[in-house]
Amino acid sequence: MKRLILAALLATGIAGAAQADDALKAAIAGEHRAESNRARDVYRHPYETLTFFGIKPNMTVVELVPSGGWYTEILAPYLRDKGKLIGAGQAIAPGNRYGEAFKKKLDSNPALYDKVVTSVFEPPTRYDIAAPNSVDMVLTFRNLHNWVGNGDEAVKTTFKEIHKVLKPGGVLGVVDHRLPASMKQDDKASSGYVHEAYVIRMAESAGFKLAGKSEVNANPKDKADHEKGVWTLPPVLANKDKDREKYMAVGESDRMTLKFVKQ
């Protein structure tokens with residue numbers, strides 16, 4: 001009898017995982033996504049990235065600085081029925097460019113984004129992200145390099161504020177442009193690239209434990225030595241038509257993908 005019960009529980013767990021997996025694939029394949037965003041899946045690997053972080057459809061998830069909503073297009077429908085998505089970024093107010101961009105995204109499809117909660121994340125001064133110990137997962141995509149110019153102590157504070165809102169055992173998922181260890185990172189990370197070891201050190205100083213690394217967003221063609229930093233590469237192409245084919249052949253940046261857990 002115990003074996004039958006165990007087998008039933010295992011089957012239920014497998015079925016639930018498969019359903020969650022299918023729901024994530026459906027959100028990524030959804031026709032609601034902008035064609036320009038879907039075209040970047042080949043570089044951003046949303047399914048593999050979110051699966052590595054361990055996302056589940058019943059989680060409360062914070063997306064830091066969602067701005068135009070590239071990942072929001074995936075996270076919102078995935079979490080809509082059973083979970084909760086909090087978009088934490090610039091306050092939605094006149095003159096706050098990223099806050100206004102996110103509001104425009106949410107307003108573009110109320111039937112899809114009506115349950116998305118907004119909060120404020122403006123390092124190094126304002127961290128109204130969520131209630132303490134209330135969140136299962138915090139995600140930050142290609143954003144952390146912007147914190148570096150605030151100084152190491154401010155970066156540590158930012159990680160501590162993120163740590164504060166996570167439940168014990170909660171996950172912080174980080175994706176950002178990776179600077180080769182042999183290259184110097186300046187005080188402002190002005191190239192947009194950051195040392196992986198620096199990110200790990202700052203996160204661990206705030207009480208996080210590194211739970212894993214993934215190379216799913218790696219790009220060995222990117223040498224991080226571009227004239228206008230990471231913005232030289234697509235999708236920005238800061239040099240416009242100058243050497244366009246060269247940079248398109250490189251593709252988007254080499255990125256670290258790190259999973260941290262709240263101790």
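Me: How many bridges join strand S1 to S2?

Reply: Please keep in mind that this is a predicted model. Strand S1 (residues 60-64) and S2 run parallel and are joined by 5 bridges. Threonine 60, for instance, stands opposite lysine 84 in S2. As a general idea, side chains in a regular strand alternate between the two faces of the sheet. Strand S2 (residues 84-89) is mostly covered, with 5 of its 6 residues buried.

Me: Which residues of helix H4 are buried?

Reply: Helix H4 covers residues 46-53, and Pro46, Thr49, Leu50 and Phe53 are buried in it. When one looks down the axis of H4, these buried residues fall within an arc of 90°, so they line one face of the helix. Just after H4 comes glycine 54, which takes a positive phi of about 85°.

Me: Which residues other than glycine have a positive phi, and where are they placed?

Reply: Leucine 237 is one of them, with a positive phi of about 55°, and lysine 240 is another, with phi near 55°. Leucine 237 is in the loop between S8 and H10, and lysine 240 is found in the loop between S8 and H10 as well.

Me: Is leucine 237 buried or exposed, and is lysine 240 buried or exposed?

Reply: Leucine 237 has a relative accessible area of 10%, and because buried means under 20%, it is buried. Lysine 240, at 64%, is exposed, because that value is over 50%.

Me: How is a pair of aromatic rings described?

Reply: A pair of aromatic rings is described by the distance of the centres and the angle of the planes. In this model the count comes to 8 aromatic pairs. One of them is formed by phenylalanine 159 and phenylalanine 208, with 6.4 Å centre to centre and 70° between the planes, which is edge-to-face. The pair links distant parts of the chain, 49 residues apart: phenylalanine 159 belongs to helix H8 (residues 152-165) and phenylalanine 208 to strand S8 (residues 208-214).

Me: Which charged residues lie over the ring of tryptophan 70?

Reply: The charged end of arginine 33 sits over that ring, 5.1 Å from its centre. Arginine 44 lies over the face of tryptophan 70, at 4.3 Å from the ring centre.

Me: Which peptide bonds are cis?

Reply: Among them is the bond from proline 123 to proline 124, with omega near 10°. Proline 124 is found in the loop between strand S3 (117-122) and strand S4 (126-128). The bond from proline 234 to proline 235 is also cis, with omega near 15°, and proline 235 is found in the loop between S8 and helix H10 (244-250).

Me: Finally, what does the UniProt record place at residues 131-172?

Reply: The unreviewed UniProt entry places there the feature "domain: Methyltransferase type". Over residues 131-172 the chain is 33% helix and 33% strand, and the end C-alpha atoms are 16 Å apart.

Me: Where is glycine 149 placed, and which residues does it touch?

Reply: Glycine 149 is in the loop between strand S5 (135-141) and H8, and it is partly exposed, with a relative accessible area of 36%. Not counting residues up to four places away in sequence, glycine 149 touches Asp187 and Lys188.

Key:
Residues numbered from 1 in each chain as written. Predicted model: local features only at pLDDT ≥ 70, side-chain atom pairs only at ≥ 80, totals over all residues. Heavy atoms only, no water. Buried < 20%, exposed > 50% of the residue type's maximum accessible area, 1.4 Å probe, protein only. Helix = DSSP H or I, 4+ residues; strand = E, 2+ residues; numbered from the N terminus. Arc of directions from axis to C-beta. UniProt positions renumbered as here; feature names shortened; annotations may be inferred. Phe/Tyr/Trp six-rings, centres within 6.5 Å; stacked < 30°, edge-to-face > 60°. Lys NZ or Arg CZ within 6 Å of the ring centre and 35° of its normal. Contact = heavy atoms within 4.5 Å. Pairing = 2+ DSSP bridges.
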